[in-house]
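Please look through the sequence and the three-dimensional structure shown below. The paragraphs that follow lead from the strands to the helices and then to some individual residues.

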Amino acid sequence: MSESLIHPRYPPEINARIARLEALTRLETTVVNLPGADVRLAVIHPASIDDLLDTVAHDPEFNLPYWAEIWPSGIALADAILKDPALVRGKPVLELGCGLGITAAAATMVGAHLVATDYSPYSLLLTELTCLLAHQPPPQVRQINWRAADADLLQRSGERWPVVLAADVIYEARDIEPVLAVLGRIVAPNGLVWLAEPGREHASTALNLARARGWQIESTTHTGPWPGGPDGVVHLHKMIKAPAGD
Ligand SMILES: C[S@@+](CC[C@H](N)C(=O)[O-])C[C@H]1O[C@@H](n2cnc3c(N)ncnc32)[C@H](O)[C@@H]1O
């Protein structure tokens, strides 16, 4: 039996979320450094995604529990947000595929009005937890499936989003068109999509299609280091939507 991460020094809203997650799986804590911004985040996460495979065995979408891992793209986007906070501060911001909430924590730290979304309800719980551990109020969260996305669910009171964040969300061919279609519908004219990805072929295909559809894209790279992983490069793409069209 592993030791519980519930702790008397945590407030009840943190311990309640840890208890719900510990009912699912073993947890551990990793301290994530955001090097450019000199910030450290304590991130509580499942100890192993292998332990979670049974929980997704009956998922009709066959989604693996990638929400349970720390990914370089989420860290790189968080770091970039802290270095350039004006892009999100005070703005309505939507995040697609929030995972453990590392990017969400950075966005809330600099004052974004964030709605964080993911397919997994556990991801949403972990995102709230990561924000609370970073001494931020948890963002609004919404469970979505971008392959079957209801446009109303992703709009904000009938308005489109000026900023959308997306870290490592295009890693399967089946997601290229659905994600582009969702962005086409929910991003405001001249709005920003800030996409991070670790050089994935399907992300590159999606970026080429977006360019052909009128999006302007400016790309930079981020070299880590990342906790526990190889020092791969993350590409950060600022995608600006055309004034009209998708
Ligand atoms: C590779 S993880 C990246 C997580 C996080 N953005 C990060 O960089 O750490 C991909 C995320 O997308 C979510 N996801 C995958 N397919 C999805 C779908 N169809 N609709 C919504 N979220 C989805 C997963 O649950 C997971 O949290």
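Two strands pair if DSSP finds at least two bridges between them. Helices (H or I, at least four residues) and strands (E, at least two) are DSSP runs, numbered from the N terminus. The model is a predicted one, in which local features need pLDDT of at least 70 and side-chain atom pairs count only at pLDDT 80 or more, while totals for chains, interfaces and linings use all residues. Residues are numbered from 1 along each chain as its sequence is written, and side-chain values use heavy atoms, with hydrogens and water left out.

The description begins with a sheet. Seven strands form an open sheet in the order β5-β4-β3-β6-β7-β9-β8, and their pairing is mixed. The edges are held by β5 (140–143) and β8 (216–222); each has a single partner strand, so one side of each is left without a neighbour in the sheet. On average, neighbouring strands of this sheet are turned by 20 degrees against each other, direction ignored; here axes are lines fitted to C-alpha atoms, for helices over the stretch in contact, and angles run from 0 to 180 degrees between N-to-C directions. Strands of a sheet pair through backbone hydrogen bonds, either parallel or antiparallel.

Strand β7 (residues 187–197) and strand β9 (residues 234–240) run antiparallel and are joined by six bridges. Within this part of the sheet, V193 stands opposite M239 in β9. Strand β3 (residues 92–96), by contrast, pairs with β4 in the parallel sense over five bridges, and L96 has T117 in β4 as its bridge partner. β4 also runs parallel to β5, to which four bridges join it; there V115 stands opposite Q140 in β5.

How does the chain pass from β4 to β5? It crosses through α4, and this β-α-β crossover is right-handed. The term right-handed applies if, with the strands pointing away from the viewer, the path from the first strand over the helix to the second runs clockwise. Another right-handed β-α-β unit is made by β3, helix α3 (residues 102–109) and β4.

A residue is buried under 20% relative accessible area, exposed over 50%, and partly exposed in between (1.4 Å probe, protein chains only). In strand β4 (residues 113–118), five of the six residues are buried, so this strand is largely enclosed by the rest of the structure.

An α-helix has 3.6 residues a turn, so residues three or four places apart point the same way.

D79 lies in helix α2 (residues 72–83) and is buried, with a relative accessible area of 1%. Not counting residues up to four places away in sequence, D79 touches L34, P35, G36, A37 and H222. I217 and V193 are 24 residues apart in sequence and 9.4 Å apart in space, C-alpha to C-alpha.

C98 is buried at 5% relative accessibility, and C131 is buried at 0%.

Some backbone details remain. The peptide bond from G224 to P225 is cis, with omega near 10 degrees, and P225 lies in the loop between β8 and β9. H135 has a positive phi of about 65 degrees although it is not a glycine; H135 lies in the loop between α4 and β5 and is exposed, at 72% relative accessibility. N190, in strand β7, is likewise not a glycine and has a positive phi of about 65 degrees.

Key:
Contact = heavy atoms within 4.5 Å.
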